[in-house]
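Please find below a colleague's note on the structure under review. The comments are set out as numbered points.

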Amino acid sequence: MTDQPWDPSKPILEIENLSISFFTRLREIPAVMDFSCTVMAGESMGLVGESGCGKSTVALAVMRDLGKNGKIVGGSIRFKGRDLTHMSEEELRHLRGSEIAMIYQEPMASLNPAMKIGAQLAEVPMIHQGMSKDEAWKLARQIVADVRLPDPDRILNAYPHQLSGGQQQRIVIAMALMSKPALLILDEPTTALDVTVEAGIVDLVKDLGHKYGTSMLFISHNLGLILDVCDRLCVMYSGEAVETGNVREVFDKMRHPYTQALFRSIPLPGADKNSHPLVAIPGNFPLPHERPQGCNFGPRCDYFQDGRCNAAEVAMSTVPGNDRHESRCLKWQEIDWDAPVKAKIAKEKTPIGRVVLKMADLKKYYSVSGGSFGSGSKKVVKANETLSFEAREGETLAIVGESGCGKSTFAKVLMGLETATSGSIMLFDENVQSTPIQKRNVDTVSSVQMVFQNPFDTLNPSMNVGRQIIRALEIFKQGKSDEERHARMLELLDLVKLPRAFAERMPRQLSGGQKQRVGIARAFAGGAKVVVADEPVSALDVSVQAAVTDLLMDIQRENKTTLLFISHDLSIVRYLSDRVMVMYLGHVVEMGTTDQVFQPPYHPYTEALLSAVPIADTKVIRKRIVLEGDIPSAVNPPPGCPFQTRCRWKSQVPNGLCDREMPPVQTLEGGHQIKCHLSADVLATMEPVIKTAAE
Amino acid sequence: MLYFILRRFGVMLLTALALTFIVFYLTNLPPNLEKLAKSEASARMTDEDVASWIEKNGYATPVLRRYGEWLGVMPGWTMLQEDGTTRGRCIAVGSDPAAAPRFCGLVQGTWGKSTVFKEPVQKILGRGLSQTAWLMLAVMLVMVPTSLLLGVLSGMREGSKLDRVLSTIAIASTATPEYVSGVILVALFASATAGLSPILADWGWISGKTLFQGTATSAMDDITFWNFALPVATIALYGIGYIARMTRASMTEVMTQQYIRTARLKGVAFRDVILRHALRNALIAPFTVIMLQFPWLLNGVVIVETLFNYKGFGWTLVQAAGNNDIELLLGCSVVAVLVVLVTQLMSDIGYVFLNPRIRLS
């Protein structure tokens with residue numbers, strides 16, 4: 001190895017004209033083409049794009065871990081001036097983990113299940129610095145404390161499955177920091193985590209970046225997160241970098257149509273389903289071997305010009321006068337970037353009708369066998385506690401909360417997959433709380449339907465799309481003959497805006513968004529009156545999310561459906577819901593209209609939740625409130641208020657009331673309900689979390 | 001942990017009772033008893049004589065009662081004979097009936113007497129098991145390390161040349177049953193007229209007529225490499241292929257896991273990725289298979305012990321079954337059932353140590 005001292009003013013990582021292909025038996029599939037980017041010392045670079053755009057491939061290429069089929073077919077990757085593409089395995093091994101470290105998307109899968117945390121951490125300095133075992137464990141202990149994990153000694157001796165998701169991700173970060181790398185690659189590090197946990201991780205990563213002066217390559221599909229963490233960013237589309245530059249500049253003065261379309265398809269504060277609808281990017285992401293001639297984004301671009309954009313490969317061109325801002329667009333100088341969004345027809349607000357669904361004091365307890373060896377003691381998981389609300393015809397009620405808050409249990413009880421422990425569920429004046437789904441009649445079943453989170457797993461892979469919808473029609477006893485049902489199936493495909501030819505396709509031939517449309521068609525097959533949408537768009541890419549959300553809204557408008565929208569994504573909730581219900585540990589902590597919930601006074605948990613959501617708008621100023629610790633277990637909830645262990649307002653309540661008593665539900669003006677001990681005076685002093693800076 | 005083991009023991013006991021009852025019922029079917037009567041008394045008995053013999057020897061009572069007697073939870077039968085002496089299950093011929101115990105069965109340690117070997121069943125089983133134990137030990141010592149090594153080597157780089165070669169060997173060996181591989185091995189290495197031995201003898205490399213001995217009878221007194229290698233190899237070959245395939249499947253799966261990538265990108269050398277990160281996770285599945293091999297070995301030794309004339313457990317089982325030796329057959333089944341259940345318990349406990357995610361409950 002040539003150990004020349006490296007000049008810190010030079011870039012840490014320089015990727016030049018990198019091209020990567022995967023080789024299958026059939027063909028060569030180019031995954032990344034002509035990709036260039038530079039990361040300076042201490043700088044954090046964001047890579048943004050939708051799934052399949054090649055951003056993870058770039059990261060793995062830097063690690064030189066592309067697997068058997070992947071090959072770097074052109075260009076160079078220079079790390080501290082040394083070309084990684086020509087390094088031997090042995091040289092690479094010395095770099096990996098010591099100079100370049102990586103943080104992964106799924107922390108649970110990235111940790112060895114059969115090794116103690118301490119051993120996995122200590123391994124790094126033992127390999128790279130030849131440290132003794134004792135010293136390495138000592139260092140591990142220190143780093144574990146650095147990533148703000150409580151009780152480091154216990155954690156070092158734990159196995160990965162004994163930690164929560166957030167703790168596991170902190171361990172993965174600690175592992176990456178064990179040998180103080182010069183470059184950290186973060187591949188969607190918070191995608192699998194809850195928002196409040198995400199906020200903590202993001203803060204940690206930023207602090208550590210400053211503390212150790214580490215450069216970062218931050219991969220994410222979440223633009224808000226990139227704005228929070230990165231200095232510069234690079235937007236990728238279909239294997240190419242389409243725009244790169246300073247984060248704030250790209251956010252405010254984007255110079256590529258794709259970047260613009262991306263921003264228009266995410267719900268920012270101010271977007272509204274009726275007056276300012278989202279603009280979905282038309283069409284689908286091209287498959288790697290079906291990329292168009294010329295500009296890859298051409299077929300989906302509003303500014304497309306035949307004969308020019310599809311004539312030849314488009315090269316990156318510099319946007320002058322600015323800080324290394326480049327765009328891969330031929331027409332960027334001609335487009336009027338400040339033109340307002342082409343006015344989409346503002347839609348009528350759906351009138352809200354009679355009460356369709358009414359829940360009163362619903363409780364759902366599970367009993368689990370306690371003790372590790374099945375010894376008699378039973379424990380009770382209180383998944384839902386005294387849930388009361390109404391939902392009206394044509395209304396969208398959002399149910400918000402982090403994992404484990406009981407929102408999915410609630411959906412299961414409503415659907416009849418579980419029966420409630422006590423309380424009542426009235427569906428069109430019919431009491432259904434203790435009727436499991438097997439005993440419900442066809443009408444009830446077809447009028448309450450569900451759209452599932454993961455469209456990839458909820459369609460039968462061996463049945464074509466049309467058959468699956470017809471099957472639902474048969475079960476719901478719709479239509480008198482096969483012909484009638486077939487016709488109805490085609491109508492349903494029209495309803496979800498899928499071409500009729502899709503009836504013959506198999507689920508594997510569909511993209512994620514298309515599959516979710518089939519899921520929606522299936523849910524509406526029996527003329528559903530109440531639809532529970534359990535995170536219907538969280539598994540989809542942003543550009544597709546907008547289209548699917550709009551579709552749901554359109555169908556709702558037409559059919560006057562009541563939509564129960566379960567989500568953890570507050571931006572989308574704010575965009576589409578009429579009323580919001582915030583849940584924490586099985587309790588409804590706040591409920592009101594969208595405006596009431598998103599404006600002060602807040603419940604302290606709602607406040608923290610709002611402040612944790614990254615917003616991709618440079619004009620928005622957010623107060624940072626990072627919750628300490630994890631959500632308490634529902635088996636062993638804290639006494640008194642469920643949120644008291646993490647609440648920052650606790651000191652404002654006299655006499656330690658929060659520790660002792662469950663707070664009452666306070667009803668503020670306009671029917672806004674907050675379950676909190678805070679007095680009305682204190683609540684009135686709350687400031688809004690999100691402010692738009694005056695321009 | 002203790003509670004778990006106790007509960008498992010309870011389940012094992014129930015399983016053992018059920019299994020032994022099935023064997024007991026089948027071996028005590030009327031035609032078997034008739035055969036027993038004819039072989040014990042006279043081959044030319046009339047049907048009435050058979051019936052009276054069966055009655056006089058306590059075989060006429062209901063099957064459940066006889067099972068209870070055999071287990072030793074019901075008092076043994078007694079019968080006043082015409083000449084004034086008392087016969088009974090627990091009364092040895094010529095001894096004082098008053099001094100005899102009331103119960104004599106499995107629980108009391110009375111396993112009955114073999115009709116073929118004219119010896120108590122325990123003694124025969126003890127002798128056979130100790131012989132078989134040596135054979136099994138040798139097989140395990142050869143089979144487990146070899147197969148794990150084969151499996152790990154072929155699984156660590158799926159699709160490589162090494163993988164293909166080792167997989168071919170493993171499939172070939174596991175596709176060859178013992179009675180085929182045993183004969184092939186004998187023909188190759190232990191025949192004075194075929195295979196390698198005559199060539200080696202011609203060259204003067206071996207002093208005897210054959211390289212290995214074709215019979216393992218001498219190994220019962222003194223185990224040497226030359227008399228023991230062929231039976232051990234015959235049993236091990238089949239198992240090696242099987243376990244190696246399992247290990248390979250498990251290993252290839254582990255190698256695609258994300259934590260292996262994590263380890264690789266931490267800069268861990270390939271050898272340590274295998275040894276420290278992959279191996280323990282990859283051994284979880286084959287461990288069960290290895291534990292399942294114990295009962296399967298009992299079955300494998302039947303053929304091999306007969307083939308190589310090694311008087312162990314398998315050979316005893318064959319003799320008992322061939323000669324309608326009811327008591328011995330029952331004894332064999334008790335041993336077999338116990339071996340199966342104990343090894344399964346061991347595998348469940350071992351599992352917990354390999355896989356920290358599993359808790360006993």
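The points below concern a predicted model, and they take up a sheet and then a helix of chain A.

1. The sheet. Strands of chain A form an open sheet of four, in the order β2-β1-β4-β5, with antiparallel pairing. Strands β2 and β5 (82-83) of chain A stand at the edges with a single partner strand each, so one side of each has no neighbour in the sheet.

2. Pairing of β1 with β2. Strand β1(A) and strand β2 (residues 28-39) of chain A are antiparallel and are joined by eight bridges. The two strands form a hairpin, with four residues between them. Within this pairing, Glu14(A) has Thr38(A) of β2(A) as its bridge partner.

3. Pairing of β1 with β4. Strand β1 (residues 13-23) also runs antiparallel to strand β4 (residues 70-79) of chain A, again with eight bridges. Here Leu13(A) lies opposite Phe79(A) of β4(A).

4. Pairing of β4 with β5. Two bridges link β4(A) to β5(A) in the antiparallel sense. Phe79(A) has Arg82(A) as its bridge partner in β5(A).

5. Helix α4. Is this helix of chain A, residues 117-128, largely enclosed or largely open, and why? Ten of its twelve residues are buried, so α4 is largely enclosed by the rest of the structure. Among the buried residues are Ile117(A), Leu121(A), Val124(A) and Ile127(A), together with Glu123(A) and His128(A).

6. Surroundings of α4. After α4(A) comes Gly130(A), which has a positive phi, near 60°.

Note on methods
Residues are numbered from 1 along each chain as its sequence is written. Chains are lettered from A and ligands numbered from 1 in the order in which they are written. This is a predicted model: local features need pLDDT of at least 70, side-chain atom pairs count only at pLDDT 80 or more; totals for chains, interfaces and linings use all residues. A residue is buried if 20 or more other C-beta atoms lie within 10 Å of its own, exposed if 12 or fewer, and partly exposed in between; C-beta atoms are placed from the backbone. Two strands pair if DSSP finds at least two bridges between them.
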